[in-house]
Each structure stands twice: as C-alpha cells, then as structure tokens.
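The sequence and the model are shown below.

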Amino acid sequence: IDVVNIDRMAKLSSSTLSRLFHPDELSKAISISSGVSSARNQYLAGRYAAKEALGKALGCGILGLSPMEINTANNEDGRPYMVLYGEVKRLVGNRNVLISITHDNPVAVAMVLLQD
C-alpha cells in the first residue's frame, strides 16, 4: 500500500513527470484535466501511489524499478490494471497484479496484491 499527497504532483517539472509516468498515463492525465489541474494531480498521485505499492509488493521499492515501465490504465468498467514492460515485467513474472486506487483530498492511496 502507498499514500501520496495529491498537491505533490503540482510541484513536479515536466521532465520529472516524463521520468515517472508512462506516456499513456500522461496523455490520460491531460485529457481528463480539461484545464483543471486538480483532476490531473489526483489522477497522477493515484498512479504514482500504485507504482510505489508495486515496488513494495516486489520487495525492492520504487528505487528498484523504472516507473516508466509501469503503465496503469482502466478497463471499460473503470477497474484499474497495470501493463508492465522491460525489467519490471521480468520481476513480476507470471504473477497476477491486482490494484486498487482511491483519492480523498489531500491524498491518493493505492494497494497492490501480487497473486501467484
């Protein structure tokens, strides 16, 4: 599980955002914000919390992962899921990744469960 302060996302530079988020996540954040930065920040904080929670579930923390290799998305009914690439995909292996993300200002919370 991980908790991220939503306002923290507003302080990140464009280059930092590009290092922390998959391009699809950044595109989605821009598309849902429609000029409202709080919606963008809420979305990104939840996604970053999910990446941190995955690192904890793997036992290596976020510093042991490349955050851009983790893409969080939502299926048609809104349920979040992760698409993994590169080294992160190798570390997770055949395990199923279950995630839950929630927000309640001032924080976003995510939980990740690795299932064999």
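## Basis of the description

Helices and strands are DSSP runs, a helix having at least four residues and a strand at least two, and they are numbered from the N terminus. The model discussed here is predicted.

E87 and R90 form a salt bridge in which the closest N and O atoms are 2.5 Å apart.

The two partners fall into separate accessibility classes. E87 has a relative accessible area of 38% and is therefore partly exposed, whereas R90, at 54%, is exposed.

Three strands form an open sheet in the order 1-5-4, and their pairing is antiparallel. From one strand to the next, the twist averages 20 degrees.

Strands of a sheet pair through backbone hydrogen bonds, in either a parallel or an antiparallel manner. Here, strand 1 and strand 5 (residues 107–115) run antiparallel and are joined by four bridges. One of the residues involved is V4, whose bridge partner in strand 5 is A108.

## Helix 3 against the sheet

Helix 3 (residues 37–58) packs on the sheet and touches strand 1, strand 4 and strand 5. The direction of helix 3 makes about 35 degrees with that of strand 5.

Strand 1 has two faces: D2 and V4 make up the covered one, while V3 and N5 make up the uncovered one.

The structure holds four salt bridges. Which residue forms a salt bridge with D2? The partner is K56, and the closest N and O atoms of the pair are 2.8 Å apart. This pair links distant parts of the chain, since D2 lies in strand 1 and K56 in helix 3, 54 residues apart. D2 has a relative accessible area of 10%, which is under the 20% limit, and therefore counts as buried. K56, with a relative accessible area of 45%, is partly exposed.

A further salt bridge joins E25 to K51, again with the closest N and O atoms 2.8 Å apart. E25 belongs to helix 2 (residues 23–33) and K51 to helix 3, so the pair ties together parts that are 26 residues apart in sequence.

## The surroundings of L84

L84 lies in strand 3, which spans residues 80–84. With a relative accessible area of 15%, L84 is buried. Apart from neighbours within four places in sequence, the residues in contact with L84 are L54, E69, I70, K89, V92 and V97.

L84 and L114 are 30 residues apart along the chain, and their C-alpha atoms are separated by 13 Å.

Definitions and conventions
Residues are numbered from 1 along each chain as its sequence is written. This is a predicted model: local features need pLDDT of at least 70, side-chain atom pairs count only at pLDDT 80 or more; totals for chains, interfaces and linings use all residues. Side-chain values use heavy atoms; hydrogens and water are left out. Two strands pair if DSSP finds at least two bridges between them. Axes are lines fitted to C-alpha atoms, for helices over the stretch in contact, and angles run from 0 to 180 degrees between N-to-C directions. Contact means heavy atoms within 4.5 Å. Buried means under 20% relative accessible area, exposed over 50%, partly exposed in between (1.4 Å probe, protein chains only). A salt bridge is a side-chain nitrogen of Lys or Arg within 4 Å of a carboxyl oxygen of Asp or Glu.
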